[in-house]
Amino acid sequence: MASAPSNTTPSAGAPGAVHRPDTARDLVKILVAGPFGVGKTTLIDSVSEIRPLHTEEHLSEASAEVDDLAGVREKSTTTVAIDFGRISLPGDVVLYLFGTPGQERFRALWDDIAYGALGALVLVDSRRLDASFDVLGLVEESGLPYAVAFNAFPDAPRHYGTDRLRQALDLEPGTPMVTCDARDPNSSIDALLALVDHLIGRDPVEAR
Ligand SMILES: Nc1nc2c(ncn2[C@@H]2O[C@H](COP(=O)(O)OP(=O)(O)O)[C@@H](O)[C@H]2O)c(=O)[nH]1
Ligand SMILES: [Mg+2]
(Lines give C-alpha, C1' and ligand atoms only; values in the text may rest on other atoms or scores of the structure.)
(Ligands and ions follow the chains in the order given, each with its own letter.)
Protein backbone atom coordinates (compact mmCIF):
# COMPACT_ATOMS: atom_id res chain seq x y z
CA MET A 1 0.00 0.00 0.00
CA ALA A 2 1.25 3.51 -0.75
CA SER A 3 2.77 5.37 2.17
CA ALA A 4 0.87 8.33 3.55
CA PRO A 5 1.91 11.74 2.25
CA SER A 6 3.87 13.69 4.85
CA ASN A 7 1.21 16.37 5.31
CA THR A 8 -1.34 13.91 6.62
CA THR A 9 -1.99 12.84 10.16
CA PRO A 10 -2.12 9.15 11.00
CA SER A 11 -5.61 8.18 12.05
CA ALA A 12 -6.44 6.43 15.27
CA GLY A 13 -8.94 4.35 13.31
CA ALA A 14 -8.32 1.54 10.87
CA PRO A 15 -4.71 0.45 10.30
CA GLY A 16 -3.14 2.42 7.50
CA ALA A 17 -5.94 4.97 7.42
CA VAL A 18 -5.05 8.63 7.28
CA HIS A 19 -7.04 11.82 7.41
CA ARG A 20 -7.52 13.70 4.21
CA PRO A 21 -4.95 16.53 4.01
CA ASP A 22 -6.38 19.83 5.29
CA THR A 23 -5.00 21.51 2.21
CA ALA A 24 -6.95 19.28 -0.19
CA ARG A 25 -8.74 21.47 -2.70
CA ASP A 26 -9.93 19.20 -5.43
CA LEU A 27 -11.78 16.04 -4.52
CA VAL A 28 -12.18 13.99 -7.64
CA LYS A 29 -14.16 10.82 -8.20
CA ILE A 30 -12.43 8.46 -10.61
CA LEU A 31 -13.56 5.08 -11.88
CA VAL A 32 -11.04 2.28 -12.17
CA ALA A 33 -12.81 0.09 -14.66
CA GLY A 34 -12.08 -3.09 -16.48
CA PRO A 35 -13.02 -6.69 -16.97
CA PHE A 36 -12.79 -9.43 -14.43
CA GLY A 37 -9.22 -10.30 -13.40
CA VAL A 38 -7.57 -7.29 -15.03
CA GLY A 39 -6.15 -5.82 -11.80
CA LYS A 40 -8.66 -3.26 -10.48
CA THR A 41 -8.50 -4.46 -6.90
CA THR A 42 -4.72 -4.79 -7.13
CA LEU A 43 -4.31 -1.22 -8.39
CA ILE A 44 -6.56 0.31 -5.74
CA ASP A 45 -4.82 -1.73 -3.03
CA SER A 46 -1.41 -0.64 -4.24
CA VAL A 47 -2.11 3.10 -4.14
CA SER A 48 -4.76 3.66 -1.49
CA GLU A 49 -3.69 5.61 1.58
CA ILE A 50 -6.76 4.41 3.43
CA ARG A 51 -7.59 0.78 3.97
CA PRO A 52 -9.42 -0.06 0.72
CA LEU A 53 -12.96 -1.36 0.83
CA HIS A 54 -13.83 -4.35 -1.31
CA THR A 55 -16.98 -6.13 -2.13
CA GLU A 56 -16.01 -9.53 -3.47
CA GLU A 57 -17.53 -12.92 -3.38
CA HIS A 58 -16.32 -16.33 -4.42
CA LEU A 59 -16.70 -17.00 -8.08
CA SER A 60 -19.77 -19.17 -8.27
CA GLU A 61 -20.35 -21.83 -10.87
CA ALA A 62 -23.13 -19.68 -12.30
CA SER A 63 -20.82 -16.69 -12.50
CA ALA A 64 -18.05 -18.77 -14.04
CA GLU A 65 -20.25 -19.27 -17.06
CA VAL A 66 -20.37 -15.56 -17.75
CA ASP A 67 -17.07 -14.33 -16.29
CA ASP A 68 -14.43 -15.11 -18.86
CA LEU A 69 -11.73 -17.13 -17.18
CA ALA A 70 -9.63 -17.57 -20.31
CA GLY A 71 -6.11 -16.39 -19.60
CA VAL A 72 -6.79 -15.70 -15.92
CA ARG A 73 -4.96 -18.03 -13.60
CA GLU A 74 -5.22 -18.39 -9.84
CA LYS A 75 -8.32 -16.27 -9.62
CA SER A 76 -11.02 -17.64 -7.37
CA THR A 77 -13.00 -14.51 -6.55
CA THR A 78 -14.71 -12.01 -8.76
CA THR A 79 -15.70 -8.47 -7.87
CA VAL A 80 -19.44 -8.16 -8.03
CA ALA A 81 -19.71 -4.64 -6.68
CA ILE A 82 -17.00 -2.09 -6.03
CA ASP A 83 -13.56 -1.43 -4.62
CA PHE A 84 -12.98 1.90 -2.98
CA GLY A 85 -9.76 3.71 -2.12
CA ARG A 86 -8.29 7.18 -1.86
CA ILE A 87 -5.05 8.78 -2.88
CA SER A 88 -3.72 12.33 -2.42
CA LEU A 89 -1.69 13.65 -5.32
CA PRO A 90 0.68 16.58 -5.47
CA GLY A 91 -1.19 19.84 -6.01
CA ASP A 92 -3.74 19.11 -3.27
CA VAL A 93 -5.80 16.86 -5.50
CA VAL A 94 -7.45 13.91 -3.81
CA LEU A 95 -8.71 11.06 -5.95
CA TYR A 96 -11.52 8.84 -4.73
CA LEU A 97 -11.12 5.60 -6.63
CA PHE A 98 -14.10 3.39 -7.40
CA GLY A 99 -13.16 0.06 -8.89
CA THR A 100 -16.01 -1.18 -10.96
CA PRO A 101 -16.68 -4.18 -13.16
CA GLY A 102 -17.21 -3.43 -16.79
CA GLN A 103 -19.39 -6.31 -17.85
CA GLU A 104 -22.51 -5.35 -19.71
CA ARG A 105 -24.62 -7.25 -17.17
CA PHE A 106 -23.57 -4.71 -14.50
CA ARG A 107 -24.96 -1.81 -16.54
CA ALA A 108 -27.43 -0.72 -13.82
CA LEU A 109 -24.65 -0.64 -11.23
CA TRP A 110 -22.45 1.19 -13.70
CA ASP A 111 -24.88 4.08 -14.14
CA ASP A 112 -25.08 4.60 -10.38
CA ILE A 113 -21.38 4.27 -9.76
CA ALA A 114 -20.40 6.52 -12.67
CA TYR A 115 -22.58 9.33 -11.32
CA GLY A 116 -20.39 12.31 -10.48
CA ALA A 117 -17.18 10.73 -11.78
CA LEU A 118 -14.82 13.02 -13.69
CA GLY A 119 -13.02 10.30 -15.55
CA ALA A 120 -12.11 6.65 -15.80
CA LEU A 121 -8.91 4.68 -15.89
CA VAL A 122 -9.74 1.66 -18.01
CA LEU A 123 -7.51 -1.33 -17.33
CA VAL A 124 -6.87 -3.60 -20.27
CA ASP A 125 -5.22 -7.01 -20.36
CA SER A 126 -3.52 -7.22 -23.75
CA ARG A 127 -3.79 -11.03 -23.66
CA ARG A 128 -7.56 -10.69 -24.03
CA LEU A 129 -8.43 -7.37 -25.58
CA ASP A 130 -11.98 -8.42 -26.38
CA ALA A 131 -12.74 -8.69 -22.64
CA SER A 132 -12.47 -4.89 -22.50
CA PHE A 133 -14.93 -4.10 -25.25
CA ASP A 134 -17.93 -4.02 -22.88
CA VAL A 135 -16.30 -1.62 -20.46
CA LEU A 136 -15.01 0.65 -23.20
CA GLY A 137 -18.52 0.74 -24.61
CA LEU A 138 -20.00 1.70 -21.23
CA VAL A 139 -17.39 4.41 -20.62
CA GLU A 140 -17.90 5.92 -24.05
CA GLU A 141 -21.67 5.77 -23.71
CA SER A 142 -21.51 7.63 -20.42
CA GLY A 143 -19.33 10.32 -22.04
CA LEU A 144 -16.60 10.00 -19.41
CA PRO A 145 -13.11 11.04 -20.46
CA TYR A 146 -10.73 8.14 -19.94
CA ALA A 147 -7.22 6.83 -20.20
CA VAL A 148 -6.28 3.23 -20.95
CA ALA A 149 -3.73 1.35 -18.86
CA PHE A 150 -2.38 -1.94 -20.20
CA ASN A 151 -1.50 -4.12 -17.27
CA ALA A 152 1.85 -5.79 -17.50
CA PHE A 153 1.14 -9.51 -17.29
CA PRO A 154 4.24 -11.64 -17.82
CA ASP A 155 2.86 -13.62 -20.74
CA ALA A 156 1.32 -10.59 -22.48
CA PRO A 157 2.03 -10.53 -26.21
CA ARG A 158 4.98 -8.28 -26.98
CA HIS A 159 4.29 -7.87 -30.67
CA TYR A 160 1.50 -5.31 -30.33
CA GLY A 161 2.69 -1.77 -30.97
CA THR A 162 0.82 1.21 -29.57
CA ASP A 163 -0.78 1.93 -32.93
CA ARG A 164 -2.04 -1.59 -33.28
CA LEU A 165 -3.50 -1.60 -29.77
CA ARG A 166 -5.15 1.76 -30.37
CA GLN A 167 -6.64 0.45 -33.56
CA ALA A 168 -7.76 -2.85 -32.02
CA LEU A 169 -9.59 -1.01 -29.24
CA ASP A 170 -10.82 1.71 -31.60
CA LEU A 171 -9.45 4.48 -29.37
CA GLU A 172 -9.46 8.14 -30.31
CA PRO A 173 -6.00 9.55 -31.14
CA GLY A 174 -6.15 11.74 -28.00
CA THR A 175 -6.97 8.95 -25.55
CA PRO A 176 -3.88 8.39 -23.37
CA MET A 177 -2.44 4.87 -23.36
CA VAL A 178 0.05 3.75 -20.71
CA THR A 179 1.44 0.46 -19.53
CA CYS A 180 1.10 -0.31 -15.85
CA ASP A 181 1.99 -2.91 -13.27
CA ALA A 182 -0.96 -2.63 -10.91
CA ARG A 183 1.08 -4.28 -8.13
CA ASP A 184 3.56 -1.41 -8.17
CA PRO A 185 2.27 1.78 -6.48
CA ASN A 186 4.51 4.06 -8.54
CA SER A 187 3.40 2.50 -11.78
CA SER A 188 -0.24 2.69 -10.73
CA ILE A 189 0.13 6.34 -9.69
CA ASP A 190 1.73 7.12 -13.07
CA ALA A 191 -1.30 5.61 -14.78
CA LEU A 192 -3.65 7.72 -12.63
CA LEU A 193 -1.56 10.83 -13.36
CA ALA A 194 -1.88 10.16 -17.10
CA LEU A 195 -5.64 10.28 -16.61
CA VAL A 196 -5.50 13.41 -14.44
CA ASP A 197 -3.29 15.17 -17.01
CA HIS A 198 -5.81 14.23 -19.66
CA LEU A 199 -8.68 15.64 -17.55
CA ILE A 200 -6.80 18.85 -16.84
CA GLY A 201 -5.89 19.27 -20.48
CA ARG A 202 -9.49 19.06 -21.64
CA ASP A 203 -11.68 21.96 -22.55
CA PRO A 204 -13.68 22.70 -19.35
CA VAL A 205 -16.90 22.76 -21.36
CA GLU A 206 -16.22 19.17 -22.39
CA ALA A 207 -15.28 18.04 -18.89
CA ARG A 208 -18.14 16.52 -16.92
N1 LIG B 1 1.83 -9.51 -13.41
C2 LIG B 1 0.77 -8.77 -13.06
N3 LIG B 1 -0.22 -9.30 -12.34
C4 LIG B 1 -1.24 -8.52 -12.00
C5 LIG B 1 -1.31 -7.16 -12.37
N6 LIG B 1 -2.48 -6.64 -11.91
C7 LIG B 1 -3.11 -7.65 -11.28
N8 LIG B 1 -2.37 -8.78 -11.31
C9 LIG B 1 -2.75 -10.08 -10.77
O10 LIG B 1 -3.91 -10.48 -11.48
C11 LIG B 1 -4.84 -11.13 -10.61
C12 LIG B 1 -6.20 -10.47 -10.71
O13 LIG B 1 -6.12 -9.16 -10.17
P14 LIG B 1 -7.37 -8.45 -9.45
O15 LIG B 1 -6.86 -7.15 -8.93
O16 LIG B 1 -8.02 -9.35 -8.46
O17 LIG B 1 -8.37 -8.22 -10.66
P18 LIG B 1 -9.83 -7.54 -10.67
O19 LIG B 1 -10.82 -8.64 -10.89
O20 LIG B 1 -9.81 -6.60 -11.84
O21 LIG B 1 -10.03 -6.81 -9.38
C22 LIG B 1 -4.23 -11.08 -9.22
O23 LIG B 1 -3.62 -12.34 -8.97
C24 LIG B 1 -3.17 -9.99 -9.33
O25 LIG B 1 -2.08 -10.21 -8.47
C26 LIG B 1 -0.23 -6.60 -13.11
O27 LIG B 1 -0.20 -5.42 -13.47
N28 LIG B 1 0.79 -7.45 -13.42
MG1 LIG C 1 -11.44 -7.14 -7.96
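Reply: Let us begin with E49, which is buried, with a relative accessible area of 3%. Please keep in mind that this is a predicted model.

Me: Why does E49 count as buried?

Reply: The general idea is a cut-off: a residue is buried when its relative accessible area is under 20%. E49 has 3%, so it is classed as buried.

Me: With which residue does the side chain of E49 meet in a salt bridge?

Reply: The partner is R86, with an N to O distance of 2.9 Å. The pair links distant parts of the chain, since E49 belongs to the loop between α1 and β2 whereas R86 is in strand β3 (residues 77-89), 37 residues apart. R86 counts as buried as well, at 6% relative accessibility.

Me: Which C-alpha atom is separated from that of R86 by 6.2 Å?

Reply: That of I50, 36 residues from R86 along the chain. I50 also sits in the loop between α1 (40-47) and β2 (53-58), and its relative accessible area of 14% makes it buried.

Me: How many salt bridges does a search of the whole structure find?

Reply: The search finds 5. In one of them, D181 pairs with R183, the closest N and O atoms being 2.6 Å apart. Here D181 counts as partly exposed at 21% relative accessibility, and R183 is exposed at 61%. Elsewhere, salt bridges with shared partners join D125, R127, R128 and D155 into one network. Within it, the closest N and O atoms of R128 and D125 are 3.1 Å apart, and both of these residues are buried.

Me: Which residues does S132 touch, not counting those up to four places away in sequence?

Reply: S132 touches P35, L123, V124 and D125. It lies in the loop between β5 and α4 and is buried, with a relative accessible area of 0%.

Me: What is V148 in contact with, leaving aside its neighbours within four places in sequence?

Reply: Its contacts include V122, V124, L136, L169 and M177.

Key: Residues numbered from 1 in each chain as written. Chains lettered and ligands numbered in written order. Predicted model: local features only at pLDDT ≥ 70, side-chain atom pairs only at ≥ 80, totals over all residues. Heavy atoms only, no water. Helix = DSSP H or I, 4+ residues; strand = E, 2+ residues; numbered from the N terminus. Buried < 20%, exposed > 50% of the residue type's maximum accessible area, 1.4 Å probe, protein only. Contact = heavy atoms within 4.5 Å. Salt bridge = Lys/Arg side-chain N within 4 Å of Asp/Glu carboxyl O.
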